[in-house]
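Thanks for coming, everyone. I have one structure to walk through today. Let me put it on the screen.

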Amino acid sequence: MDVSGLEITGGVPLRGEICIQGSKNAALPILAACILGEGICEIENCPRIDDVADTLAIMQRLGCRIRRSGDTVRVDASGVDRFETGGEETARIRSSVLFLGALLGRMRKAVLPLPGGCAIGARPIDQHIAALRQLGARFFLEEKVTADAGALKGGRVRLAMPSVGATENAILAAVTAPGETLISPAAREPEIDELCAFLNGRGAQIMRTEEGGIRIVGVRRLGGTRYRVGPDRIVAGTYLLAAAATRGQIEIPEFPHQELGALLALLRRMGVTVVCGERALCLSADRPIRAVPYLETAPYPGFPTDLQSPLMAVLCRARGESCICETIFESRFRTVPQLQKMGAKIQTDSRCAVIKGIPALTSASLTSPDLRGGAALVIAALQANGSSVIQNTRYIARGYEDICRDLGRLGAKIRWIEEE
Ligand code: UD1
C-alpha cells in the first residue's frame, strides 16, 4: 500500500460476514523457520502485509528464492549462504530478531543489527540472548548482535518470563541442535503452536509438556512441507470490537474462537451477544455497551496487549467508568492523546488508564501512533459523528492486509486518501 491516509465517516453499524486474513504473528516466525534446512516450503494463507514483505526481503538477501502466487509463498532456502541480515527491513521490523535463532540453526552464526518494530516500549532482547546462550551460542554485543554457535546443543532453557519471541528463537535454534531441549516457562500463544506444527511437518520433534513447557528432540535435517497459516486472532478481535463499537452484527466463519476466549468473555460482560457456533463466530451488539471496571493485559490465555488500544476505543462510549492496566508493554497508551482529540475522557498514569464513557465522540484529524493504536483510531472514527481523517496509516499496513476493504465490506464509510 502506498503511503496514504484513511477517511472515515462514523455512525454506520457494521453488518455482514467477514473472512479473516492469515495470522501475522504465526506467519513471521514460520517464514524465518523456512531457512532451517534445504527443503522447499509452501506457506498458504500468508497475509499480504508490510511485515511479511519486509521478512521476505530479508530472506532474499540471505539467499532464499521466493515466489508468491495468490496467498501462497514458496520458499526455496537451498541457496542460503549468508549469516548477516542488514538493510532497512531488519531495522524496521521487530520480528527480524527471529533470524538470530534461525541463522544459528542453519549457519551456526548470525549477525544482526538491533531489531526495530512499533514504538510501544523498550523491547529488550535479553531473554532471546539468554535462551540462545543456554543452547551454547556465544554473543558479542556492540552496534550489532553477533552470535556464534560452533557447538550448538540441546539443553535446559530457562526464561525469566514467557516471552513470545524468545520462546520462538529458542525453538528455531534447538530444532536441529543435537540432544534434547526443554524450554520453560514457554509462551503459550497459539502462534507458538503453529510454528511447532509447521516444523513438525518438516520432520522436527517438538511437543508441549503437560506443564506448558516445550520439549524438543533435535533432528539432523528438516525437509520441505506445505503449511496453511491460521486466521489472525488480533485482526478478528479488532473487527469484533469495531462491530461492538458501532452496535453492529457480524459473523466470522470458521474461526477457532477458543483463541479469543478472554476477549469473548469480556464482550459478554460488556453486554454484547457472542455466539460460538459450529460454522461461525457471531456477534451482535444491540444494547448499550457496559464499562469494564478493571482489566489487565496478560500473556495468553489472558487478555492480549495487542487488543488493549482497540478495546479502549470502544470503552470511550461505554456506560460508566472503565480501568485498563497494561502489564506487557510500557508505552502502549500513545493512542490516548488522539482519542482525547475526539472528546474522550481518559486519564492515564504509567500503566493504567481510566476511561469515563461519554455518549458521543466527535470527528477529528488523527495520527496513528503504532500498529494497534492505528486500528483503535479506526474504531473510534467509526463511532464518531462526522468524518475523521487518520494519517500515518503505514503502521496499520504492517498488520492489516486492507482494513479499508474489510470494513468497507461490512458497510463502513471508509476510504483511502492521499496523505497530506
Ligand atoms: C509478540 C508479538 C506482539 C505481541 C507480544 C505480546 C510477534 C511478531 N509479536 O511480541 O504482537 O504484542 O508478543 O503478546 O509475535 N521482553 C524482555 N526481554 C526480552 C523479550 C521480551 O524484557 O528479551 C519483554 C518485552 O519488552 C515485553 C514483554 O517481555 O514487555 C513481552 O514481550 P514478548 O512476549 O517477547 O513480545 P514479542 O515477541 O516482542
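**Strands, ligand and links**

Start in β23, where W416 is the bridge partner of L6. Helices (H or I, at least four residues) and strands (E, at least two) are DSSP runs, numbered from the N terminus. Two strands pair if DSSP finds at least two bridges between them.

Before I go on, the ground rules. This is a predicted model, where local features need pLDDT of at least 70, side-chain atom pairs count only at pLDDT 80 or more, and totals for chains, interfaces and linings use all residues. Residues are numbered from 1 along each chain as its sequence is written, and side-chain values use heavy atoms, with hydrogens and water left out.

Back to that pair. L6 and W416 are bridge partners, and their strands are β1, residues 4–9, and β23, residues 413–418. The two run antiparallel, joined by 6 bridges. β1 also pairs with β22, residues 387–391. That pairing is antiparallel too, over 4 bridges. There, E7 stands opposite V389.

Now the ligand. How many residues surround the ligand? The count is 18, and the closest are D126, Q127, S163, D306 and I328. Near here means that one heavy atom of the residue lies within 4 Å of the molecule or strand. By class, the shell has 6 nonpolar, 6 polar and 6 charged residues. For the classes, Ala, Val, Leu, Ile, Met, Phe, Trp, Tyr, Cys and Pro count as nonpolar, Asp, Glu, Lys and Arg as charged, and the others, Gly among them, as polar.

Next, polar contacts, meaning pairs of N or O atoms within 3.5 Å; within protein, one must be able to donate a hydrogen and the other to accept it, and residues adjacent in sequence count only if both atoms are side-chain atoms. The side chain of R94 has an N or O atom 3.3 Å from an oxygen atom of the ligand. For the side chain of D306, the distance to a ligand oxygen atom is 2.6 Å. I328 uses a backbone N or O atom, 2.4 Å from an oxygen atom of the ligand. On its own, the ligand has 750 Å² of accessible area, and the protein covers 86% of that. Those areas come from the Shrake-Rupley method with a 1.4 Å probe; for residues, only the protein chains shown count as cover.

Two elements give two or more residues to the shell: α5 (126–133) and α6 (164–174). The largest share, 3 residues, comes from α5. Why does the ligand lie between domain 1 and domain 2? Because domain 1 (3–20 + 231–418) and domain 2 (24–228) both give residues to its shell. The domain bounds come from an automatic or database domain assignment.

On to the disulfide, a pair of cysteine sulfur atoms within 2.5 Å. The whole structure has 1. C325 is joined to C352, S to S 1.9 Å. The link is right-handed, with 95° about the S-S bond. C325 lies in β18 (residues 321–325) and C352 in β20 (residues 352–356), so the pair ties together parts 27 residues apart in sequence. β18 and β20 also run antiparallel, with 5 bridges.

Most residues other than glycine have a negative phi, and most peptide bonds are trans. S184 and P185 are joined by a cis peptide bond, omega about -10°. Y300 and P301 are joined by another, omega about 10°. E254 has a positive phi, near 45°.
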